[in-house]
Amino acid sequence: MAKRIEDLRIVERESLNKDFFILKLAGDTEIPEMKPGQFAQVRVDGSRDTFLRRPVSIHDVDYAGNTFKLLIQIAGKGTLVLSRLKEGDSLNLIYPLGNSFTLPGNGEKILLIGGGCGIAPLLFLAKHLNAHGFIPDILLGFRNRERIIEYDEYKNAGNVFLTTEDGSMGEKGYVTTHSVLQTGTYSRVYCCGPAPMMKAVAGFSKKKRIICEVSLENLMACGFGVCLCCTVETVRGNLSTCVDGPIFNTNDLKW
Ligand SMILES: Cc1cc2nc3c(=O)[nH]c(=O)nc-3n(C[C@H](O)[C@H](O)[C@H](O)COP(=O)(O)OP(=O)(O)OC[C@H]3O[C@@H](n4cnc5c(N)ncnc54)[C@H](O)[C@@H]3O)c2cc1C
Ligand code: FES
């Protein structure tokens, strides 16, 4: 799949809460085909401390409208600068990068698990699964009721289960303690979130012999296999998260 380096126009900017915002992007030409799990390397302009691009997953794609969305959490200087962009501003991206989640086989029962900004790639994945005839269960974890984002979007794409750390909505606790993990009979889990959460989900999946794919959020610099700063240890040797990933089957990871 050809990579592009392109200036895109921000056609919509939506603030979800004080930490999360969405940028809807459009170009002058037709947007390329993108796959769930792929990401963009976003240039942060106007800031001397953030010369490296920031990797951000493709959150949602509208081929008919020729737009796509990035869901971004303000985590530090770069994402803070990005959060100040307005409709009409332009954003330079290298995209689409990385591999993608693999499609399940016929009749598989699927669970998507996301926490924090790890929920970002799961909406595009859920819609892609819908287009292939699957209605996934979707388990999302947030700190509290006020922090829940994109609930209706996910509900339109699957059966949503929630956890909040204070129990203000859904089950109290973490995604890894939700009862659906015990009651559901899944053949495949897709997961993205903080590393300890993904490791716990990988351990659970291994015990239950469920196929588990995770989206790794290793530190990245180039994003296309040159700098080797995103290396991950696997049973097939050291691989680049940006080119060989970010999606890995957890049986391949030395976790
Ligand atoms: C493949 C991939 C997809 C991602 N998708 C999303 C997404 O859809 N939405 C989202 O909000 N975030 C996503 N992230 C994380 C996002 O890239 C970082 O939060 C962002 O780079 C932080 O930049 P900063 O300048 O704001 O923070 P910094 O001040 O640089 O650091 C704040 C935190 O972010 C981490 N971080 C910094 N730079 C990177 C980097 N280049 N790669 C990964 N982590 C970094 C640091 O370890 C630190 O914990 C993704 C990361 C990867 C690798
Ligand atoms: S980020 Fe440079 S090789 Fe992966």
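First, my bookkeeping for residue classes: Ala, Val, Leu, Ile, Met, Phe, Trp, Tyr, Cys and Pro go down as nonpolar, Asp, Glu, Lys and Arg as charged, and the others, Gly among them, as polar. Also a reminder to myself that this is a predicted model.

**Entry 1: second largest pocket.** By those classes, I get seven nonpolar, seven polar and four charged residues in the lining of the second largest pocket. The lining comes to 18 residues, and Gly-115, Gly-116, Gly-141, Phe-142 and Glu-165 are the ones nearest the centre. Strand 9 (137-142) and helix 5 (195-207) are the elements that give two or more residues to this lining. I noted a volume of about 400 Å³ for the second largest pocket.

**Entry 2: largest pocket.** Here I noted a volume of about 640 Å³. I found 25 residues lining the largest pocket, with Arg-54, Pro-55, Val-56, Cys-117 and Glu-217 nearest its centre. Sorted by class, that lining holds 13 nonpolar, eight polar and four charged residues. Strand 4, strand 6 and helix 1 each put in at least two residues, and strand 4 gives the most, with four.

**Entry 3: where is the ligand?** Which pocket holds ligand 1? I checked, and ligand 1 sits in the largest one.

**Entry 4: the shell around ligand 1.** I see 21 residues surrounding ligand 1, and the closest are Arg-54, Pro-55, Gln-73, Gly-78 and Thr-79. By class, the shell splits into twelve nonpolar, six polar and three charged residues. Strand 4 (54-57), strand 6 (67-73) and helix 1 (77-83) each supply at least two residues of the shell. Strand 4 has the largest share of the shell, four residues.

**Entry 5: polar contacts to the backbone.** Which atoms of Pro-55 and ligand 1 are 2.6 Å apart? A polar backbone atom of Pro-55 and an oxygen atom of ligand 1. I also looked at Gln-73, where a backbone N or O atom lies 2.7 Å from an oxygen atom of ligand 1. At Leu-71, a backbone N or O atom is 2.8 Å from a nitrogen atom of the ligand.

Terms used. Residues numbered from 1 in each chain as written. Chains lettered and ligands numbered in written order. Predicted model: local features only at pLDDT ≥ 70, side-chain atom pairs only at ≥ 80, totals over all residues. Heavy atoms only, no water. Near = heavy atom within 4 Å. Polar contact = N/O pair within 3.5 Å; in protein donor to acceptor, adjacent residues only side chain to side chain. 1 Å grid on protein atoms, 1.4 Å probe; cavity = no way out; pocket = protein on both sides within 12 Å on 5 of 7 lines; lining within 4 Å. Sits in = over half its atoms within 2 Å of the grid points. Points joined across faces, edges and corners; volume = space filled by probe spheres on them.
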